[in-house]
Amino acid sequence: MSRVAIIGAGAMGAGIAQVAAQHGWDVHLQDVNDDVVSDAIAGIGRRLDRLVEKDRISAEDAAAAADRLQVVGDAFPDCELVIEAIVEDLDAKADVLGAILSQLNADAIVATNTSSLSVSDLGDRLGIGNRCCGMHFFNPAPIMKLVEIVRGRDTDEAVLDRVAEIAGDWGKQVARCADTPGFIVNRVARPYYLEAFRIVEEGMAGPDDIDATMKLLGGFRMGPMELTDFIGHDVNTATTRTVWNQWEQPDRLAPSWLQESLVAEGHLGRKSGRGIYDHAGDTPRCVVQVATPRPEIPADVRAAASTFTSAATDVEHDDDQAVIFARILGALINEATWAAHDGVASEADIDTAVRYGVNYPRGLFEWRNAIGAKPVEALLAAMDAWSEDHRFQAAPSTA
Ligand SMILES: NC(=O)c1ccc[n+]([C@@H]2O[C@H](COP(=O)([O-])OP(=O)(O)OC[C@H]3O[C@@H](n4cnc5c(N)ncnc54)[C@H](O)[C@@H]3O)[C@@H](O)[C@H]2O)c1
């Protein structure tokens, strides 16, 4: 039987444990104390029961998955893979993994679920860079389809192949990437939120118009404003700051003062009852004021946005919707192109990552190819000339 050890039985560790157990793996769970693990196993049991009630899995499969979960103390017999999902702290991760290394088989693969720490640094600290990599699941792990497989400086290709194979066997889509800040999704998706906030800050449009436009024209499941309310502005701004700082503060990824002021005022989104929207009633009500006066949009921006948006969608739209949509999708495509240029991942892997990590309706390169290079270049050039910063500076082509 294949066996995985999961260290850390919090939100992510428990979710990953459920995924592995449902796909036939024997799971050994460890946390700071065994009660945390017992609670996590009970929580997984309840989730499996709900899947049975909804007819998603059979009662036999649920029972078999639950039977595969066990608490481990300090022994890790024959685990092919260890996935670490404890607190986001390099010292803590190195200490915990260092303490169990001698219990593991000499060829066991050690994967970390870190979102923001260097996989290479962890491998170096452990002295096992060749068999250490990232396995970055998304929350909630049983539902989100993507796993980013992160290649450390010294990770063996065979290790990455095996981890990708395991993630695939667990029903996941795999995107391979380099050990760079934010990996793929946490970097490439940033302009979806940031450009939307800039549109509100400037007074060009309100949050509800932006949300409606992105859903209607692009088929996005949630608009950027409602999505940040859902994620939580504290979590979303913290990721922005981390990625922006780690990439040496490019204008493209700079935090939004409006979003940071929401955090300072305690308006964190749904979890605090209020963010961009007030969530007290049955229907969320927009409570963020749009700046005035409304900016004059240059004719060349309108023209470029109209060409771009008409090539990107068949949905009928007005001129303002074309500009909103082109700014946000154009910024996303440009960030994806910069990421490919920076060696983060291939275009195909970036497309897989945004489709399954943030559920975009299309891959960003797929969209760029449908729009065509010229309309994308024209939009970026017009926006770059209009913007006061360099956030629309076009990435060197990776074609
Ligand atoms: N929550 C997310 O959305 C998300 C998504 C992707 C990746 N991650 C990453 O996954 C990791 C875990 O995040 P989480 O949201 O599950 O956190 P969490 O706080 O829910 O769980 C962390 C668990 O680790 C345990 N722990 C702490 N120190 C430990 C130790 N020394 N030994 C064993 N267990 C220990 C805690 O008791 C807790 O149960 C972090 O690296 C985080 O960055 C989180």
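Which residues is Ala17 in contact with, leaving aside its neighbours within four places in sequence? The legends below start there.

**View 1. Ala17 and its contacts.** Ala17 is in contact with Ile6, Val27, Leu29, Ile44 and Leu69, its neighbours within four places in sequence being left aside. Two residues are in contact if their C-beta atoms, placed from the backbone, lie within 7 Å. The model is predicted: local features need pLDDT of at least 70, side-chain atom pairs count only at pLDDT 80 or more, and totals for chains, interfaces and linings use all residues. Residues are numbered from 1 along each chain as its sequence is written.

**View 2. The nonpolar core.** The largest nonpolar core has 117 residues. Such a core is a set of buried Ala, Val, Leu, Ile, Met, Phe, Trp, Tyr and Cys residues joined through C-beta atoms within 7 Å. A residue is buried if 20 or more other C-beta atoms lie within 10 Å of its own, exposed if 12 or fewer, and partly exposed in between, with C-beta atoms placed from the backbone. Ile6, Ile16, Ala17, Leu29, Val82, Ile184 and Ile350 have the most contacts inside the core. Helix H14 (residues 319-341) gives the most to this core, with 14 residues. Domain 1 (3-179) and domain 2 (187-386) both contribute residues, so the core lies between them. Domain bounds come from an automatic or database domain assignment.

**View 3. The eight-stranded sheet.** This open sheet has the order E3-E2-E1-E4-E5-E6-E7-E8, with mixed pairing. Strand E3 (69-71) and strand E8 (173-178) stand at the edges with a single partner strand each, so one side of each is left without a neighbour in the sheet. On average, neighbouring strands are turned by 25 degrees against each other, direction ignored. Helix H2 (residues 34-53) packs on the sheet and touches strand E2 (26-30) and E3; its direction makes about 165 degrees with that of E3. Helix H4 (residues 90-100) lies across strand E1 (3-7), strand E4 (81-84) and strand E5 (109-112), at about 150 degrees to E4. Axes are lines fitted to C-alpha atoms, for helices over the stretch in contact, and angles run from 0 to 180 degrees between N-to-C directions. Helices (H or I, at least four residues) and strands (E, at least two) are DSSP runs, numbered from the N terminus.

**View 4. Strand E6 and its partners.** E6 (residues 132-137) runs antiparallel to E7 (residues 146-151), joined by four bridges. Gly134 stands opposite Val150 in E7. E5 and E6 pair in the parallel sense over three bridges. Val110 has Cys132 in E6 as its bridge partner. Two strands pair if DSSP finds at least two bridges between them. Both faces of E6 are covered: Cys132, Gly134 and His136 are buried on one side, and Cys133, Met135 and Phe137 on the other.

**View 5. The ligand shell.** Of the 23 residues around the ligand, Gly8, Gly10, Met12, Ile86 and Asn139 come nearest. A residue is near a molecule or strand if its C-beta atom, placed from the backbone, lies within 6 Å of it. Helix H1 (11-22) and H4 each supply at least two residues of this shell. H1 gives the most, with three residues.

View 6. The centres of domain 1 and domain 2, taken over C-alpha atoms, are separated by 32 Å. Eleven residues of domain 1 are in contact with nine residues of domain 2. E8 gives the most to the side of domain 1 that touches domain 2, with five residues.
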